[in-house]
Each structure stands twice: as structure tokens, then as C-alpha cells.
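Please walk through this structure with me, one part at a time. The sequence and the model come first, and the explanation follows.

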Amino acid sequence: MSERTYVTPVGDTGMYILDTAAWRVYRPVMDKSRCIHCGLCFSYCPVNAIQADGKDYTITYDYCKGCGICAHECPKEAISMQLEGSVKANG
Ligand code: SF4
Ligand code: SF4
């Protein structure tokens with residue numbers, strides 16, 4: 001039996017590597033022109049798929065499951081959930 005590697009997005013142990021993006025149906029897309037840099041999307045994302053760089057927030061898709069929590073919590077409706085394949089990239 002081959003050895004398995006256990007990691008999570010935050011570097012803990014005890015969880016298999018899974019391509020969680022594989023089962024995403026809807027993709028969060030951020031309209032940065034509407035963003036007021038409140039950080040709520042960053043705080044609420046359960047898998048740390050939103051990165052903060054100073055005041056700038058960016059969605060990364062390696063672990064994003066498309067749960068929509070970020071879009072639901074955004075006070076400016078700057079994040080919309082769009083069907084996978086209908087958009088090319090995060091704004
Ligand atoms: S859709 Fe869910 S998993 Fe993806 S960035 Fe938003 S809160 Fe995180
Ligand atoms: S929750 Fe909305 S307004 Fe706040 S940082 Fe995220 S995208 Fe910007």
C-alpha cells in the first residue's frame with residue numbers, strides 16, 4: 001500500500017488531499033469595483049479560499065467548494081455565483 005499524504009489548506013494533518021474544486025457547480029466571481037474591503041468574505045469562507053493582500057481580497061479556486069457563503073455575506077453584492085464554465089476567471 002502506498003503512503004498517503006495528509007494536508008489541509010492551512011497545513012494541519014489528518015485530512016486527505018482532495019480536489020475539492022472538482023465538485024464545485026457554481027463559482028464565486030468578485031466584482032472588485034463594488035468591493036469596500038470589509039473582509040467579511042475572507043472571514044466567513046470555511047476553507048480559506050479567499051486571500052487577503054493588504055486591503056485587496058482575491059478568490060482562489062483550488063479549495064473553493066462553491067458554497068456561496070461569501071456571496072451571501074458580502075454587504076455590497078460584489079460576489080456573484082456563476083455556473084462553472086460560464087465564466088473564465090475571478091475579477
Ligand atoms: S464559495 Fe464558499 S468556499 Fe468558495 S470562496 Fe466563497 S465561501 Fe469560500
Ligand atoms: S465581503 Fe464583499 S465588500 Fe467585503 S471584502 Fe468581500 S467582496 Fe469586498
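**A walk through the predicted model**

Glu84 is partly exposed, with a relative accessible area of 27%. Glu84 forms a salt bridge with Arg24, and their closest N and O atoms are 2.6 Å apart. This pair links distant parts of the chain. Glu84 is in the segment after strand S4 (79–83), while Arg24 is in the segment before strand S1 (26–30). The two are 60 residues apart. Arg24 itself is buried, at a relative accessible area of 9%.

Glu84 has another partner. Arg27 also makes a salt bridge with Glu84, with 2.9 Å between the closest N and O atoms. Arg27 lies in strand S1 and Glu84 in the segment after S4, so this pair ties together parts that are 57 residues apart in sequence. Is Arg27 buried or exposed? Arg27 is buried, because its relative accessible area is 13% and buried means under 20%. As background, side chains of opposite charge can pair when their charged atoms come close.

How many salt bridges does a search of the whole structure find? The search finds three. Asp56 is partly exposed, with a relative accessible area of 31%. Lys32 also counts as partly exposed, at 31% relative accessibility. Salt bridges that share partners join Arg24, Arg27 and Glu84 into one network.

Stay with strand S3 for a moment. Thr58 lies in this strand. At 26% relative accessibility, Thr58 counts as partly exposed. Thr58 and Met30 are 28 residues apart in sequence, yet their C-alpha atoms are 7.8 Å apart in space.

The largest nonpolar core has 13 residues. Which of them have the most contacts inside the core? They are Met30, Cys41, Ile50, Ile59 and Ile79. Strand S3 (56–59) and helix H2 (69–73) are the elements that give two or more residues to this core. In soluble globular proteins, nonpolar side chains tend to be buried together.

Now turn to the ligands. Ligand 1 has 13 residues around it. Cys45, Cys64, Cys67, Gly68 and Cys70 come nearest. By class, the shell around ligand 1 divides into 10 nonpolar residues, two polar and one charged.

Ligand 2 also has 13 residues around it. Those that come nearest are Cys35, Cys38, Gly39, Cys41 and Cys74. Cys41 is also one of the core residues with the most contacts. The shell around ligand 2 has 11 nonpolar and two polar residues, and no charged ones. Where does ligand 2 sit? Ligand 2 sits in the largest cavity.

Notes
Residues are numbered from 1 along each chain as its sequence is written. Chains are lettered from A and ligands numbered from 1 in the order in which they are written. This is a predicted model: local features need pLDDT of at least 70, side-chain atom pairs count only at pLDDT 80 or more; totals for chains, interfaces and linings use all residues. Side-chain values use heavy atoms; hydrogens and water are left out. A residue is near a molecule or strand if one of its heavy atoms lies within 4 Å of it. On a 1 Å grid over the protein atoms alone, a cavity is a set of points where a 1.4 Å probe fits but cannot get out, and a pocket is an open set with protein on both sides within 12 Å along at least five of seven lines; lining residues have an atom within 4 Å of a point. A molecule sits in a cavity or pocket if more than half of its atoms lie within 2 Å of its grid points. Ala, Val, Leu, Ile, Met, Phe, Trp, Tyr, Cys and Pro count as nonpolar, Asp, Glu, Lys and Arg as charged, and the others, Gly among them, as polar. A nonpolar core is a set of buried Ala, Val, Leu, Ile, Met, Phe, Trp, Tyr and Cys residues joined through side-chain atoms within 4.5 Å. Buried means under 20% relative accessible area, exposed over 50%, partly exposed in between (1.4 Å probe, protein chains only). Helices (H or I, at least four residues) and strands (E, at least two) are DSSP runs, numbered from the N terminus. A salt bridge is a side-chain nitrogen of Lys or Arg within 4 Å of a carboxyl oxygen of Asp or Glu.
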